[in-house]
Amino acid sequence: MNIKKYNYFTLLLSISFILGACDDDIKLIGDPVTKLSNECIKRSLPVAPNLVGYDIEFAYAMAIPKELGKLESAQVTASFGGAQGTYFDPNSYATNNAGLDAPVLVANESVTSGNTTSASFLKDTCAATLRYYYIIPEEARGKEVSFTFSVKASNGQTAEYKMGPYAISKMDMTLRKALTSGDKCYISFRNEGEACSIYSAEEVAANSSLASRIDLVYAYNSSADLTHGFFAADSPEAYRPGVTFPSGFSNNTKMVKAYNLRDRQLSDLNSSQHVDDADLRQMDYSKATSSAIKMVAEGGLWIETADGQYRAFIFINATATNTVTISVKRYKM
């Protein structure tokens, strides 16, 4: 299991100037700035897998001595054009007395053209930090992406800062899907672009071809040992009282429970654990000894589809009478 830890302080100390306006009493952390300067940090979780459809967040800091001019524009060029929603936040942020980020509008709304996102400053300022949100596109799946940040000042000076490359995961992720026993209880890991799909009993009954795509069935039974149970097609009837499988359901999905793994991206818990591509590729399914597994809140479940084409990790976000909420990471083998 790849369990990673990170420390933001090392990153933050690398910024050589204070974020904010050009007041005379600004004190620099590093050497005094004598020309247009820039630095950048990655704000999003440093060791978390970078997933298609989700963002990578950066803080791009720029400064020039007041007597030399002011900031004019900033831009960033990515090796893959960002998906819809990629932008520069037009605000610069400082920490207020309550310890919260206080935004100050310093730039116009950003414009993205091809691989480049740019913003022009609307206030006379010689120091600012803009946050950049890059939405990972499908084209980058399983590849690496790099960024070149650049800034231009009113005196014609320019500076640039390179970030990356960053590996982009092959995984898909789906967050907080609700399952209801006896209704929306059929789970499939086989649809493109979605880590898991949930079907109702009515949908499966109306479409006979869906049954062959079902990998697991969820059921609740307050009096059974498997209160919140997940069942593969080869689960004996004795293990699933009152649970009816759809006609044509035949996938003997492999399952291994993991009660002590709380993936931060799936759980929203303050954990340093992340399931990544390598974890899903290397998981040993010789430990899969049961086709019926009881799950609890904050428990996890490794699965491999019967045809071996997909592997996934399911996290149980919450349980209630007759329902569970799950989040899933899925890897296509």
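The exercises below concern a predicted model.

**Exercise 1.** Classify the pair formed by the rings of Tyr60 and Phe149 as stacked, edge-to-face or tilted, and state where the two residues lie in the chain.

*Solution.* A pair of aromatic rings is described by the distance of the centres and the angle of the planes. For Tyr60 and Phe149, the centres are 5.0 Å apart, and rings pair if their centres lie within 6.5 Å. The planes meet at 40°; stacked requires under 30 degrees and edge-to-face over 60, so the pair is tilted. Tyr60 belongs to strand S2 (residues 55-63) and Phe149 to strand S10 (residues 144-153), so that the pair links parts of the chain 89 residues apart.

**Exercise 2.** Determine whether Tyr60 is buried or exposed, and whether Phe149 is buried or exposed.

*Solution.* Buried means under 20% relative accessible area. Tyr60 has a value of 0% and is therefore buried. Phe149 also has 0% and is likewise buried. Both residues belong to one aromatic cluster, whose members include Phe58, Phe88 and Tyr166.

**Exercise 3.** Identify the ring over whose face Arg240 lies, and describe the lining of the largest cavity.

*Solution.* Arg240 lies over the face of Phe245, at 3.9 Å from the ring centre. Arg240 is also one of the residues that line the largest cavity, among them Tyr220, Asn221 and Phe231. About 30 Å³ of space lies in this cavity.

Conventions: Residues are numbered from 1 along each chain as its sequence is written. This is a predicted model: local features need pLDDT of at least 70, side-chain atom pairs count only at pLDDT 80 or more; totals for chains, interfaces and linings use all residues. Side-chain values use heavy atoms; hydrogens and water are left out. Rings of Phe, Tyr and Trp (its six-membered ring) pair if their centres lie within 6.5 Å; planes under 30 degrees apart count as stacked, over 60 as edge-to-face and the rest as tilted. Helices (H or I, at least four residues) and strands (E, at least two) are DSSP runs, numbered from the N terminus. Buried means under 20% relative accessible area, exposed over 50%, partly exposed in between (1.4 Å probe, protein chains only). A charge sits over a ring if NZ of Lys or CZ of Arg is within 6 Å of the ring centre and within 35 degrees of the ring normal. On a 1 Å grid over the protein atoms alone, a cavity is a set of points where a 1.4 Å probe fits but cannot get out, and a pocket is an open set with protein on both sides within 12 Å along at least five of seven lines; lining residues have an atom within 4 Å of a point. Grid points are joined across faces, edges and corners, and a volume is the space filled by probe spheres set on the points.
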